[in-house]
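Here's a quick briefing on the chain below. Have a look at the fold first, then come back for the details.

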Amino acid sequence: MEVTTRRHGKSAAHRRGGAHVDGAILRYAIQVLDSLHDGVVAVDSEGYVIYANEANTRITGLTRDQVVGRHVSEVVPNSHILDVLASRTPLLGVRTRVFDHVVVSNIVPVYHQGRMVGAVSVFRDITEVLALSRQLDEARNTIDLLRENLTAAPVAEDGVIIGQSPAAQRMYLTARKAATVDSPVLIEGESGTGKEVMARLIHNRSARRSQPLIAVNCAAIPGTLLESELFGYEEGAFTGSRKGGRPGLFQLADGGTLFLDEIGDMDPGLQAKLLRALQSGEIRRVGGTTVQKVNVRIISATNQNLAQLVREKRFREDLYYRLRVIHLVLPPLRERRADLPLFLEHAMRRVCERLGRPPARFSPAALRALMAYPFPGNIRELENVVEQAVVLAEGDVIDVGDLPPDVVGAETAAAGPADRSGDGWLGLNDPGTFPTLEEVERRVLEAGLRAFDSKAELARHLGLSRATLYRKLARYGLA
Ligand SMILES: Nc1ncnc2c1ncn2[C@@H]1O[C@H](COP(=O)(O)OP(=O)(O)OP(=O)(O)O)[C@@H](O)[C@H]1O
């Protein structure tokens with residue numbers, strides 16, 4: 001390779017005389033190239049490597065001996081140097097993966113006396129930059145998530161716990177919107193998840209709040225009786241009917257809200273009459289001939305899967321869609337563990353007030369046991385457990401011994417070494433209880449939240465970034 005300087009117009013080799021100076025300058029130039037932080041690889045016009053600097057070794061892990069003299073395609077199969085040789089035009093800012101590094105290169109053809117003699121690639125390792133930018137993205141996501149949580153709904157309102165989990169907050173926002181309109185609302189959820197509480201919250205925030213909210217449990221009243229309960233009856237409609245007849249709940253709720261609990265248990269004949277009343281906005285008393293206009297907002301609830309009842313033809317499809325204009329699904333407590341401390345504290349305050357006792361608190365061990373218990377009866381069961389414990393406790397600290405045996409047993413079962421080590425812990429012994437991967441992930445996250453002091457520690461242990469852990473927790477309503 002000939003190296004010349006043009007500082008004084010003449011070649012330095014010519015001025016200082018011969019090969020000795022060329023050699024010195026060449027050595028100096030090579031020192032310069034080797035001291036660069038960026039990698040440099042030069043190839044001849046056929047693509048054989050004639051030079052690679054030290055940074056190339058640091059970045060690619062390949063020594064000079066492994067590179068120089070070999071064809072560039074053997075060294076880095078996806079190298080863009082060959083493209084430059086073929087096109088004879090520079091390629092700037094091109095990104096290439098070299099083994100486990102990502103580099104960004106500027107590749108230019110080298111000309112000597114008008115003839116292309118090769119190409120040189122100067123590249124920079126951006127692996128770390130990419131990793132940092134990924135971390136920055138994750139940090140941004142976490143900030144967004146936290147900001148969303150901070151600016152979202154309150155955690156409690158009018159004695160109703162909303163909860164902190166994103167699922168609960170979303171549900172609350174839907175309920176708040178539901179309060180601004182008159183459309184029918186269907187609330188689904190297991191027993192004790194707070195369906196009636198939610199219905200009252202919607203009514204109390206709506207323009208109808210000064211009018212009555214009438215609640216009726218459709219499962220508790222036999223079909224024919226329920227019809228006259230809902231629509232009222234005329235005098236003489238049936239044996240034993242009251243003189244002058246009686247107004248129905250629709251009439252009593254006029255201007256307000258009618259809460260139809262356990263709607264899934266309504267018999268098919270009555271379903272048809274209810275649908276007619278909702279479509280026309282008119283009701284007809286049992287035994288009556290005239291119709292009466294009513295202005296009633298319907299909120300219905302069920303702990304059954306109404307869509308499934310529709311599929312089984314046990315619930316009218318047209319009525320289902322009529323009732324389900326706004327659809328709220330209340331999660332069971334086991335799917336919103338992050339909200340458990342709020343519910344426990346709320347129940348404790350209420351129970352102590354009701355019993356006229358000074359405020360009590362849970363010992364850490366009692367709290368751990370409660371956090372491990374699945375509460376199949378949901379918030380209602382949680383309230384009963386707290387009341388039982390407060391009644392049994394001697395002082396103002398509720399300890400494990402004050403909790404019902406079921407609750408304590410659950411923790412032992414969840415944490416017992418024999419259980420945890422065996423496949424039985426996840427129900428892997430039986431196809432009937434065999435979990436999906438999602439269920440396994442959820443259960444591991446739930447257990448992790450109990451086992452580790454902080455989410456940062458849990459994320460580290462699971463080998464997840466904090467943002468990924470937060471996203472997963474949010475997905476399962478555990479954030
Ligand atoms: N968000 C909440 N905040 C505070 N307490 C609640 C909340 N939700 C429910 N509760 C309490 O839990 C108990 C059960 O609530 P609710 O009767 O509304 O449940 P439900 O889903 O309608 O039950 P069911 O299906 O058995 O009728 C009530 O005592 C209620 O006060």
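Two residues are in contact if their C-beta atoms, placed from the backbone, lie within 7 Å. On that basis, Ile326 touches Thr174, Ala178, Ser183 and Val185, leaving out residues up to four places away in sequence. Bear in mind that this is a predicted model: local features need pLDDT of at least 70, side-chain atom pairs count only at pLDDT 80 or more, and totals for chains, interfaces and linings use all residues. Numbering starts from 1 along each chain as its sequence is written.

**Overall picture**
- The chain has 22 helices and 18 strands; helices (H or I, at least four residues) and strands (E, at least two) are DSSP runs, numbered from the N terminus.
- Of its 479 residues, 29% count as buried (20 or more other C-beta atoms within 10 Å of the residue's own; exposed means 12 or fewer, partly exposed in between, with C-beta atoms placed from the backbone).
- Take the contacts between residues at least 6 apart in sequence: 59% of them join residues at least 24 apart.

**Around Ile326**
- Ile326 sits in strand E16 (residues 326–330).
- With 17 other C-beta atoms within 10 Å, Ile326 is partly exposed.
- Leu186 is 140 residues from Ile326 in sequence, yet their C-alpha atoms are 6.2 Å apart.

**The five-stranded sheet**
- Five strands make an open, antiparallel sheet in the order E2-E1-E5-E4-E3; strands pair if DSSP finds at least two bridges between them.
- Strand E2 (49–52) and E3 stand at the edges with a single partner strand each, so one side of each has no neighbour in the sheet.
- E3 (residues 91–98) and E4 (residues 101–112) pair over six bridges, with His101 in E4 as the bridge partner of Val98.
- Two residues separate the strands in the E3 and E4 hairpin, where Phe99 takes a positive phi near 55 degrees.
- E4 also pairs with E5 (residues 115–125), over ten antiparallel bridges, and Val104 stands opposite Arg124 in E5.

**The ligand shell**
- The ligand is surrounded by 16 residues, and the closest are Ile161, Gly194, Lys195, Glu196 and Ile379 (a residue is near a molecule if its C-beta atom, placed from the backbone, lies within 6 Å of it).
- Strand E7 (160–161), helix H9 (195–205) and helix H17 (378–392) each supply at least two shell residues.
- The ligand lies between domain 3 (166–219 + 252–330) and domain 4 (334–475), because both give residues to the shell; the domain bounds come from an automatic or database domain assignment.
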